[in-house]
Amino acid sequence: MGQEMLTLLPSEMETPELHGFLLGAIGPRPIAFASTVDAAGTPNLSPFSFFNVFSANPPVLIFSPARRVRDNTEKHTLENVREVPEVVINTVSYAMVQQMSLSSTEYPRGVNEFVKAGFGMEPSRKVRPFRVSGAPAQFECEVTEIRPLGQQGGAGNLVFCQVVALHLDRAVLDAEGRPDPAKQDLVARMGGDWYSRSASGLFEVPKPLRNLGIGMDLMPEGIRSSTILTGNDLGLLGNVEALPQTEEVAAFLESAPEASALLEGGSTEKVHQAARRYLAGNDVSSAWKILLAWEHR
């Protein structure tokens with residue numbers, strides 16, 4: 001029996017619709033977590049899934065920061081590599097995916113996404129942009145060419161990146177000293193909110209708010225420095241537009257006697273574990289409320 005195919009002609013489609021079909025049908029796409037700096041040295045960090053390795057001699061990676069579909073503006077990463085033709089391309093493991101997602105929020109130019117998403121900044125050996133602490137692999141690159149593919153919204157810009165230094169976390173290497181796929185636990189993009197985890201398949205990450213998330217830098221220190229909450233937990237918490245108000249926290253405690261009881265006889269460890277359970281159920285609001293109630297007790 002033959003296939004029943006849906007045939008689409010790009011010439012007859014609006015760009016947003018075509019964009020959705022392309023990203024939904026082509027995947028998984030590896031993620032270039034690109035670190036750049038502007039002429040003043042201000043760091044920027046942003047993920048891109050139009051990315052891959054294209055040559056070993058010379059060692060060349062290419063990623064494409066496309067012009068925004070909705071308003072045809074350029075991304076800060078593209079502006080930066082024009083000013084300072086250097087980039088660090090970091091890979092993304094599952095343990096950092098929520099923080100990575102938070103960093104993709106479109107903060108104003110000059111905002112440091114390393115700080116907003118809670119990533120450490122590791123100095124590079126050969127280039128000015130910083131490496132992402134905790135990334136399984138970090139490629140320091142010189143940008144040799146930027147090739148625009150068009151001037152309309154959705155048009156890509158191929159950024160040719162020649163690798164001048166490569167850093168690998170020894171914890172993700174196998175017995176022969178080679179990258180181990182299972183230990184790296186890399187994630188890749190699919191369509192919509194979907195991602196693929198190399199170790200176990202599909203999962204979802206809600207897109208960051210169109211309105212800006214508060215980021216990890218605006219969290220209370222007791223939460224940000226938790227020994228219980230993971231980077232992914234903090235990434236979820238940072239992707240809220242505003243913290244719950246005092247009256248919202250009080251109403252939550254009245255409606256959740258188990259939470260009130262935990263606060264009376266609990267500990268920071270137990271409260272943060274409870275917050276993790278809320279986050280595991282995608283209840284970010286309740287996680288924030290019990291955390292803030294403990295912070296302000």
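Buried means under 20% relative accessible area, exposed over 50%, and partly exposed in between (1.4 Å probe, protein chains only).

**Entry 1. Basis**

I worked on a predicted model, in which local features need pLDDT of at least 70 and side-chain atom pairs count only at pLDDT 80 or more, while totals for chains, interfaces and linings use all residues. Residues are numbered from 1 along each chain as its sequence is written, and side-chain values use heavy atoms, with hydrogens and water left out.

I looked up L6 in the segment before helix 1 (15–25); helices (H or I, at least four residues) and strands (E, at least two) are DSSP runs, numbered from the N terminus. L6 counts as exposed because its relative accessibility is 64%. I then noted that L6 forms a nonpolar surface patch with L8 and F21, and that their accessible area together is about 290 Å². Patches are made of residues with over 30% relative accessible area and no salt bridge; like charges are joined within 9 Å and nonpolar side chains (Val, Leu, Ile, Met, Phe, Trp, Tyr) within 5 Å. Accessible areas come from the Shrake-Rupley method with a 1.4 Å probe, and for residues only the protein chains shown count as cover.

**Entry 2. S35 in strand 2**

Is S35 buried or exposed? S35, in strand 2 (residues 32–37), counts as buried because its relative accessibility is 0%. I found its side chain 2.6 Å from the backbone oxygen of F130. This is a polar contact, that is, a pair of N or O atoms within 3.5 Å; within protein, one must be able to donate a hydrogen and the other to accept it, and residues adjacent in sequence count only if both atoms are side-chain atoms. Beyond its neighbours within four places in sequence, S35 has contacts (heavy atoms within 4.5 Å) that include N44, L45, V87 and F130.

I followed strand 2 to its antiparallel partner, strand 3, to which six bridges join it; two strands pair if DSSP finds at least two bridges between them. T36 stands opposite N44 of strand 3. Five residues lie between the strands in this hairpin, where G41 takes a positive phi near 90°. Strand 3 (residues 43–48) is largely enclosed by the rest of the structure, because six of its six residues are buried. I checked both faces: P43, L45 and P47 are buried on one side, and N44, S46 and F48 on the other.

**Entry 3. Salt bridges**

How many salt bridges does the structure hold? I recorded 13, a salt bridge being a side-chain nitrogen of Lys or Arg within 4 Å of a carboxyl oxygen of Asp or Glu.

In the bridge between R70 and E106, the closest N and O atoms are 2.4 Å apart. R70 lies in the loop between strand 5 (59–63) and helix 2 (76–83), and E106 in the loop between helix 3 (97–103) and helix 4 (113–117), so the pair ties together parts 36 residues apart in sequence.

For E83 and R109 I noted 3.2 Å between the closest N and O atoms. E83 lies in helix 2 and R109 in the loop between helix 3 and helix 4, so this pair ties together parts 26 residues apart in sequence. E83 is partly exposed at 41%, and R109 is partly exposed at 38%.

E140 and R131 meet through their side chains at 4.0 Å, N to O, and both residues are buried. I also listed a network of salt bridges linking R67, E74 and R82.
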